[in-house]
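Please look over the structure below.

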Amino acid sequence: MLSLRLLRGASPAALGRWVLAALASCGTGLLLLAALGWALAHPGGASHTVVRLGWCVVPAIVSVQLAVAVGRAQSTGWPRAGLTAVGLGRNGLVLLAAATVTLVCACGSVLALLVFLQLRGDVTGVPYHGVGPGLLAAGHSLPLAGAVTLLALVPLAAGAASAARLRTEQRPDGRRTDGQRPDRGRARPGGPDAGAIEPDEQVPAGLPWGVALIAVGLALEATAPDRHTFPLPSGLGAMAPAAVGGWVLTAAGLVLAGPGLVHACGRLLAAYRPGGLRLLAGRGLQHEARRLGRPLGLLSATVAALVAGYGLHQDSGRSLGPVTTCAVLLICMCVLASAALAARESHAARASARAALRELAAPAAVLRASAAVRAGVLAVAFLVPALLVAALSPTP
């Protein structure tokens, strides 16, 4: 009930973000139900059913990631003093945020079930014929237990991930759990390393591990056997299971290396006697590395997959089916929304710095130029690895 009250009292922008999370859960639910319908229409194709469910893992992961990002962004704007006054401590706030995320995703899953029943003709009696045969299983009864189990995956996973994320960030003992280590180098004023970070700042330690994962993933793709037994969506061919594992490792490496790459870009900008503009942009990137790195790394992995998929689509000459198109649009929407939320959070976190610069009579053009420099550097830093991964990945 408290989650409903918080949702009802949210601002229009906050409600829009919650609606986006619900739509992502709805889209993932439709993909899972389509796999269930295909299994009902093809009782003897158990292996193909498992493959279809396997391809639903990627939309489910990005939907959960978006729901966690929305829940984390909204929980920071709640009236903490009032919630604490009614007896909600640190654990209570975490559970409340997790319950709100679960409720929103559950609404999306219910909407997915209603849409699927409408397409099957269970509501109007007339099935929709615009989808490929065998996806809706209009002539078969829908197992309620299987449908509920599939639809409950995203809400439960989003609630658990949201609770784990918020609980990790709100540890009262002061220990860091983000895998960072302090940098022991100190900048000397006016020296050649002016603009380097101070020892009390934290440097993300995931860059070398991310590069190692990318290298292992690409090597695994290149050395995968020629037995292509894992079919791709829409009849685009087949890949070896080892190549699919290589893609997973490569994507994980890009996400893991994201914070370190953002921090490295900021450090390069602020190195070698920087001017005011470079120093401002570089220090901003260093401070926002952890917040921006992983969403941008996920965006880079998505761009790499899209470029490789587009080349494969052009070579095969086959058109994408409705399920594949829906999955691609859903993944792009979730990844872009997560990156936009991270950028908004970063912009809000720099409000005090912008106010201080305005008090010092800094021109507004300097702030705009600093933002443009940061955006350009990040675009180049994450677009180049995406294109390299797409070019080095072998096609089936």
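Q: Which residues make the nonpolar surface patch of about 300 Å²?
A: This is a predicted model, in which local features need pLDDT of at least 70 and side-chain atom pairs pLDDT 80 or more, while totals for chains, interfaces and linings use all residues. Numbering starts from 1 along each chain as its sequence is written, and side-chain values use heavy atoms, without hydrogens and water. Patch residues have over 30% relative accessible area (Shrake-Rupley, 1.4 Å probe) and no salt bridge, with nonpolar side chains joined within 5 Å. Those making the patch are Val-19, Leu-23, Leu-111 and Val-115.

Q: Which helices each supply at least two residues of the nonpolar patch?
A: Helices are DSSP runs of H or I, at least four residues, numbered from the N terminus. Val-115 has its place in helix 6. The two suppliers are helix 2 and helix 6 (90–120).

Q: At what angle do the axes of helix 2 and helix 7 cross?
A: Axes are lines fitted to C-alpha atoms over the stretch in contact, with angles from 0 to 180 degrees between N-to-C directions. Those of helix 2 (residues 12–41) and helix 7 (residues 144–169) come within 9 Å, and the crossing angle is roughly 145°.

Q: Which residue meets Arg-72 in a salt bridge?
A: A salt bridge needs a side-chain nitrogen of Lys or Arg within 4 Å of a carboxyl oxygen of Asp or Glu. Arg-72 lies in helix 4 (residues 57–75), and its partner is 273 residues apart in helix 12 (residues 322–349). At 2.8 Å, N to O, the partner is Glu-345.

Conventions:
Patch = residues over 30% accessible without salt bridge, like charges linked within 9 Å, V, L, I, M, F, W, Y side chains within 5 Å.
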